[in-house]
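Please keep the sequence and the 3D view at hand while reading.

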Amino acid sequence: GFHRIEILVALVNGITLAVLSIIIILEALERIGQPRSVDSSLMLIISVIGLGANLLGIYILRDKTKENLNVKGAYLHMLGDLLSSIGVILAALLIFFFNLTIADSIISIIIGLVIIFGAYRLVDQSIAILLEAAPEHIDMEEVERVLMEIEEVERVHDLHAWTLTSGVYAMSLHLVVKDRPISTCNNIILKANELLRERYQVTHSTIQIESEGEEKCIIPSS
């Protein structure tokens, strides 16, 4: 459904961050060739105020970045602004005491590169989710071994895992068991679901049970 809206917004957010950083870097490079006068006193006052606001924002968002990619995007914005404030403060001091106007451009380039790195991570994670790559915290070979620990399971195949949105994981798989009455299949599925939920935070799963013979009993669960 609309779970993927969060991922699409995060992707746009990351691309926007990268583009803005490139613009900042290009302008900073232009300023190196053509230095401009800077009001270091006003620059220092505004950057100190910005530093305080950004510290507050980062404190509020710091524990929620793993839950939502959009929150992570906002956090990266705040972190970029925080670095900018620190850089501007340093540049203002260098300009005020040593008249080093080039410091403004150099620090801007450094900040831009740092933000681009963070934006790349955000875009990379968003694209991975949209392409339904396996979640980073799930080792598929390990999942297969864990499921094989269920006494009735003989083999696991067609194992797939993907992310619906931040913190919401899905999985589909086939479990091969010894030939048995269909009434006993549900207990195997319950055990598999419990393992997937407790160890890998997979809350949406579809499991097909297959017997070693030709007959199959198919019971989807979620």
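A cavity here is a set of grid points where a 1.4 Å probe fits but cannot get out, and its lining residues are those with an atom within 4 Å of such a point. The model is a predicted one, and it holds one cavity of 30 Å³ or more. By the rule applied here, the count of salt bridges comes to four, and three of these pairs, namely Glu132 with Arg4, Arg31 with Glu27 and Lys191 with Glu152, are described below.

**The cavity and its lining**

- Rolling a probe the size of a water molecule over the atoms shows where empty space is left.
- The volume of the largest cavity is about 60 Å³, and its lining consists of Arg31, Ile32, Pro35, Arg36, Val38, Thr101, Ile102, Asp104 and Ser105.
- Two elements, helix H1 (3-33) and helix H4 (102-130), each give two or more residues to this lining, with H4 giving the most, at three residues.
- By residue class, the lining of the largest cavity divides into four nonpolar, two polar and three charged residues.

- Side chains of opposite charge can pair when their charged atoms come close.
- Arg31, which is among the residues lining the largest cavity, also meets the side chain of Glu27 in a salt bridge, with an N to O distance of 3.8 Å.
- Both Arg31 and Glu27 belong to helix H1, where they stand four residues apart, about one turn of the helix.
- Arg31 counts as partly exposed because its relative accessibility is 22%, and Glu27, with a relative accessible area of 37%, is partly exposed as well.

**Salt bridges between separate parts of the chain**

- The side chains of Glu132 and Arg4 form a salt bridge at 3.9 Å, N to O, and this pair links distant parts of the chain, since Glu132 sits in the loop between H4 and helix H5 (140-148) while Arg4 sits in helix H1, 128 residues apart.
- Glu132 has a relative accessibility of 45% and therefore counts as partly exposed.
- Lys191 and Glu152 meet through their side chains in a salt bridge of 3.2 Å, N to O; Lys191 lies in helix H6 (residues 185-200) and Glu152 in the loop between H5 and strand S1 (153-165), so the pair ties together parts that are 39 residues apart in sequence.
- Lys191 counts as partly exposed at 32% relative accessibility, whereas Glu152, at 15%, counts as buried, because buried means under 20% relative accessible area.

Key
Residues numbered from 1 in each chain as written. Predicted model: local features only at pLDDT ≥ 70, side-chain atom pairs only at ≥ 80, totals over all residues. Heavy atoms only, no water. 1 Å grid on protein atoms, 1.4 Å probe; cavity = no way out; pocket = protein on both sides within 12 Å on 5 of 7 lines; lining within 4 Å. Points joined across faces, edges and corners; volume = space filled by probe spheres on them. Nonpolar A, V, L, I, M, F, W, Y, C, P; charged D, E, K, R; others polar. Buried < 20%, exposed > 50% of the residue type's maximum accessible area, 1.4 Å probe, protein only.
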